[in-house]
Amino acid sequence: MENAIKVSVLMLAYNQEQYIDEAIRSVVLQQTSFPIELIIGDDHSCDGTLTRCQAWKERYPEQIVLHENTENLGLARNYIETYNLARGQYIAVCEADDYWTDARKLQIQADFMDAHPQYSMCFHRVVNFYEANGTKSLSNGGQKETVSLHDLALCNPITNVSVFYRRGLFGPLPDWMDQVTSYDFIMHMLNAQHGDVYYMRRVMAVYRKLESSIWTGGGRKKRALISLKNRDLLLGYFQERDREVYALLRKANARNCLNQSILLRSEGEDADADDFLQLAHQYMPEWTEADITRETEFLKVSEQNPSLLKHTLTTCRKVVSKFIPLPRIRQRAAGSIVFVPSGGLGNRMKAISAAVRLAKECNTKLTVLWFEDWGLGCRFDRLFRPLDIEGVSLRQATLVDKLVYDRPRKRNLQLPRLFQKLFFDARMDEEEATRRMYAGFNFTSWAQGRKVWLASHVYFMAQNIPADAFDGFRPVSELQQRIDLTTAGFNGKVVGVHIRRTDQERSIQYSPTSLFVARMREEPEDTRFYLASDDEEVKVDLRREFPGRIITLPRKAERGTPEGMEDALVELYTLSRTRRIIGSFGSTYSLTAATIGRIEVEIIKKDPS
């Protein structure tokens, strides 16, 4: 699928004006070889959050999807609305008060998941930032590499800002999803049914622990109740699907309640402690007093005061961490593109149009270098007026350009390749550009913020050429006058015919002249034809076949001479003013003329059998 979204990034937002710029910035600065989308679900914020989102949307209209709730739906329903907009093969999450710190985070996780289909998702280490006191810590100390569904049922080690999972593994969201108090653990469990979870030790995000957040700011008792409610929903889901997971979830809930009971009793909250102890019995009615005692001792050991050495190290870490700045993605320096179009006239026009689109999407300057060769032996300024496009310059190649910027080939001993590797951050020749285009490669992400050299003879930004691709090309006045004079009497009654011959073997093989003759005979007898061809014998044969109905230029268009290329351009734009075009297979010229004129083109091609 052309330009299919690879990763959908979900960002839920509500009254987070203070943080959301950093969150969005960390997503749009991702460097990937594939298209991504950022879906922001604003839950009717009453501060400046929505305004900030709208400003980012204006800057990145093709990358950001902004979903504005007309009323406050709450976390669960906002998540459902946002999740259902996702189109990507994978889903990543970046809450509006968190952010990513590695520009290659999505590329790293997508590459891993592509190469390891047995995993349902992956996650990574993060920096925990305790905003209230400014201290920081690293998550997941001692975390094992592979986490199973059973491991997850007992304990959730995944920080939501780090998660990356396959979309659609379990089908649509459960009907009870709107009842959840926190969606992350629910999603982890639903996905982990379909494969293990992989842990990456690379730190790639900051997780803010805010006093105002649902989880961090809720206090111990509130966190316990949130966890229990979500696990209760999962108990109902897994009760008949997986009895072993169901049993582990019950055990985890009972331990959670027992732990809260211990902590509350130590704080003198005996009534609440008794309530949690009773809940523990409800989850695990088979526990005996001996079981309760054993579990209590286990929990006390895990919660016991650390050794003096560990306590000292933790205190030092907290103090030192206050002076360590939070990591963030560095803004790329402004990039530039040096582009070399190749091939014939139609190919070069397509390629330059694609390069202009690339430069606009990257918000960078573009330099187009025009080389004369056997495929097009004419200066640009003999054919077209200067390109009137901001940030785009086109110049005739100099001797120095031929040494440094030309396409590497035998006649220049491949020397330009060495200079291009030295002077540019990245380079891509025409064969690779064509191959990657058909693979759905994201050229914008590749070129963004970099100094790149690129050569092409195709519209590499998409497999289908947009209707306005050639609007920036304007023939010079002399040639425009010839075009106007030739087409003055067309009045919508002339059909264009383009028959490509000479070195175009596919056109010769698959579009024989006899098929053109047969197709032209199907037109009404009063139809005239404008015939463009690089074969004079074809012109003679068709004049004989359709006497008085063939219009052609008086001389042959020779691509190797300036005069011949001027004629070729006149023919191209003359074809674009016909009613429709009957064209040759394998030739860009027919399609280019049809796109310029926004008219129909019919390609003549014989049955291979």
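Predicted model: local features only at pLDDT ≥ 70, side-chain atom pairs only at ≥ 80, totals over all residues.

Student: Which hand does the crossing of α8 and α9 have, and which residues of α9 make the contact?

Tutor: The crossing of α8 and α9 is left-handed. On the α8 side the contact is made by Arg250, Asn253, Ala254, Cys257, Leu258, Gln260, Ser261, Leu264 and Arg265. The residues of α9 that make the contact are Asp270, Asp272, Ala273, Asp274, Phe276, Leu277, Leu279, Ala280 and Tyr283.

Student: Turning to the rings, how are tyrosine 510 and phenylalanine 585 arranged as an aromatic pair?

Tutor: The structure holds 22 aromatic pairs. One of them is formed by tyrosine 510 and phenylalanine 585, whose centres lie 5.3 Å apart with 75° between the planes. Tyrosine 510 belongs to helix α18 (residues 505-510), whereas phenylalanine 585 is in the loop between β19 (581-584) and α22 (588-597), so that the pair links distant parts of the chain, 75 residues apart. Planes over 60 degrees apart count as edge-to-face, and the arrangement of tyrosine 510 and phenylalanine 585 is edge-to-face.

Student: Which residue has its charged end over the ring of tyrosine 510?

Tutor: Tyrosine 510 itself counts as partly exposed, because its relative accessibility is 21%. The charged end that sits over its ring, 5.6 Å from the centre, is that of lysine 605.

Student: Is leucine 413 buried or exposed?

Tutor: Leucine 413 is found in the loop between α13 (399-404) and α14 (415-423), and its phi is near 60°, a positive value in a residue other than glycine. Its relative accessible area is 64%, and leucine 413 is therefore exposed.

Student: Where is histidine 44 found, and what is its phi near?

Tutor: Histidine 44 is found in the loop between β2 (36-42) and α2 (49-59), and it counts as partly exposed because its relative accessibility is 40%. Its phi is positive, although the residue is other than glycine, and is near 60°.

Key
Residues numbered from 1 in each chain as written. Heavy atoms only, no water. Phe/Tyr/Trp six-rings, centres within 6.5 Å; stacked < 30°, edge-to-face > 60°. Helix = DSSP H or I, 4+ residues; strand = E, 2+ residues; numbered from the N terminus. Buried < 20%, exposed > 50% of the residue type's maximum accessible area, 1.4 Å probe, protein only. Lys NZ or Arg CZ within 6 Å of the ring centre and 35° of its normal. Left-handed = near helix turned anticlockwise from the far one by under 90°. Contact = heavy atoms within 4.5 Å.
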